[in-house]
Amino acid sequence: MIWNETIECMPREDMRKLQSIRLRQVVERVYHNTPFYRRKMQELGLTPEDIQSIDDIAKLPFTVKQDLRDNYPFGLMAVPMSEIVRLHASSGTTGKPIVVGYTRKDLSIWKEAVARCLYAYGISKQDLVQVSYGYGLFTGGLGLHAGVEQIGGTVIPMSSGNTQKQIQLMHDFGAKALACTPSYALFLAEAIKDSGIPRENFQLKVGIFGAEPWTENMRKEIEEKLGIKAYDIYGLTEITGPGVGCECEYQGGTHLWEDHFYPEIIDPETLQPVEPGHPGELVFTTLTKEGMPMIRYRTRDLTALHYEKCACGRTAVRMDRILGRSDDMLIIRGVNVFPSQVEAVILELEEFEPHYLIVVDRVNNTDTFEVQVEVRSEFYTDEMGKLLAMQKKIADRMQSVIGLRPTVKLVEPRSIERSQGKAKRVIDKRKFV
Ligand code: ADP
Ligand code: ZN
């Protein structure tokens, strides 16, 4: 199903024209209303007249997270505070929170974006959606909530936590879709199994998962355990929240709503644009935002963009799965390692649960790399030989995929802490030295 066919399937030529008009407008606005952007443009000798089409975007300066912190709390607003009707703040996965403000129109664009996602997943007016993302300053809960109301569906505003109640109401109310982090979805799957309520007594069919990186193998795992189809939803507080883009039924990448959020991929070292299809850092410009527009905001998320038309009929650009954030990348003994690579290996092997923890330390000036992973109950044993063989299997596979051999610590099923929001997969003790 397609919520806004005119936009989602717009010929690329026309989309470029629309983006050009909107870019001119937003540049004009920030130049006159936000001293921070005016100063940065002036430093480069730019005036709004230099930006005529979307191709001129590369002339504009970048914005980084530190700029939001330096202008904390309201320094980047482009409207008087009396026009701001809502504030949100990032969950602070990587440092002190940052604050964003929305006008009434910003909120309506956000819910339009989420509505497009819900339709793409096949969710409509008839359906109940359980929103188990946190409500509050975090954008996940209220973002999904507004989208469900927009399509006329029925929202169950659960928020995160209280797992027993989640399961009870999901069952009693007959939720068709569940929105939460992929790690919490796994946790719920275990809890549903423990509840003893037969799976066929639930109506659940669709998962709306995002807010943290997850691999294709993790998708399979969740789909199998929950007996649903699991879709990606992507977003970040700085740009709007969840719903910047989502997967369609073909799941060949995450469509981005580029009439509002214009994406670019750059090389994070040289800051130069990267050819379509090649990986790099994702950068967004908000083309329509009033409250706190972002000009060329560097997300630090690493991915690639594909512009070929999708089998679903949408022309909206598609983004590969996020490999991770550049600041999630661990450098261990000189080798670059993303937690998602470790996840991909663990989930390839049938002996292990999708619950793991990476512990990095420095001992005698050498980095140590430990991977703790749960063994599936059917493989759990106290026979030394078998345990050693399992450890070796994982270490060998990581050596060949990542180029680095971890110390593998096998732990009992259910001993690694479960997450109700964004999972914590890494403990890097070197940072505290
Ligand atoms: P914080 O920066 O505090 O975590 P946000 O909630 O704004 O706050 O997090 C946005 C970030 O979460 C994105 O930049 C990205 O790294 C990650 N993220 C969100 N959705 C996805 C997704 N579907 N896949 C991978 N990563 C995601
Ligand atoms: Zn598609």
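**Packing of helices and sheets in the predicted model**

The buried residues of helix α10 pack against α9 (216–226), β17 (335–337), β18 (352–363), β19 (366–375), α11 (384–402) and β21 (426–428). Contact here means heavy atoms within 4.5 Å, and buried means under 20% relative accessible area, with exposed being over 50% and partly exposed in between (1.4 Å probe, protein chains only). Helices (H or I, at least four residues) and strands (E, at least two) are DSSP runs, numbered from the N terminus. This is a predicted model, in which local features need pLDDT of at least 70 and side-chain atom pairs count only at pLDDT 80 or more, while totals for chains, interfaces and linings use all residues. Residues are numbered from 1 along each chain as its sequence is written, chains are lettered from A and ligands numbered from 1 in the order in which they are written, and side-chain values use heavy atoms, with hydrogens and water left out.

Helix α10 itself (residues 339–348) is mostly covered, with 7 of its 10 residues buried. The buried ones are Pro339, Ser340, Val342, Glu343, Val345, Ile346 and Leu347. Axes are lines fitted to C-alpha atoms, for helices over the stretch in contact, and angles run from 0 to 180 degrees between N-to-C directions. Strands β18 and β21 run parallel and are joined by 3 bridges, and Val360 stands opposite Asp428 in β21.

Strand β7 (residues 229–236) pairs with β8 in the antiparallel sense over 4 bridges, and a hairpin of 4 residues joins the two. β8 also pairs with strand β9 (residues 254–256), antiparallel over 3 bridges. Cys246 in β8 stands opposite Ile233, and has His255 as its bridge partner in β9. The hairpin of β8 and β9 has 6 residues between the strands, and there Gln251 takes a positive phi near 50°.

As for helix against helix, the axes of α5 (residues 104–120) and α6 (residues 139–151) come within 8 Å and cross at roughly 70°. The two helices are therefore roughly perpendicular to each other (angles under 35 degrees count as roughly parallel, over 145 as roughly antiparallel, 65 to 115 as roughly perpendicular and the rest as oblique). From α5, Trp110, Lys111, Val114, Ala115, Leu118 and Tyr119 meet residues of α6 including Leu144, Val148 and Ile151. The residues of this contact divide into 9 nonpolar, 4 polar and 1 charged, where Ala, Val, Leu, Ile, Met, Phe, Trp, Tyr, Cys and Pro count as nonpolar, Asp, Glu, Lys and Arg as charged, and the others, Gly among them, as polar.

Glu264, found in strand β10 (residues 261–266), is buried with a relative accessible area of 9%. The side chain of Glu264 makes a polar contact with the side chain of Arg296 (2.9 Å); a polar contact is a pair of N or O atoms within 3.5 Å, and within protein one must be able to donate a hydrogen and the other to accept it, with residues adjacent in sequence counting only if both atoms are side-chain atoms. Ala189 lies in helix α8 (residues 182–195) and counts as buried at 8% relative accessibility. Leaving aside neighbours within four places in sequence, Ala189 is in contact with Lys225 and Leu226.

Conventions:
Two strands pair if DSSP finds at least two bridges between them.
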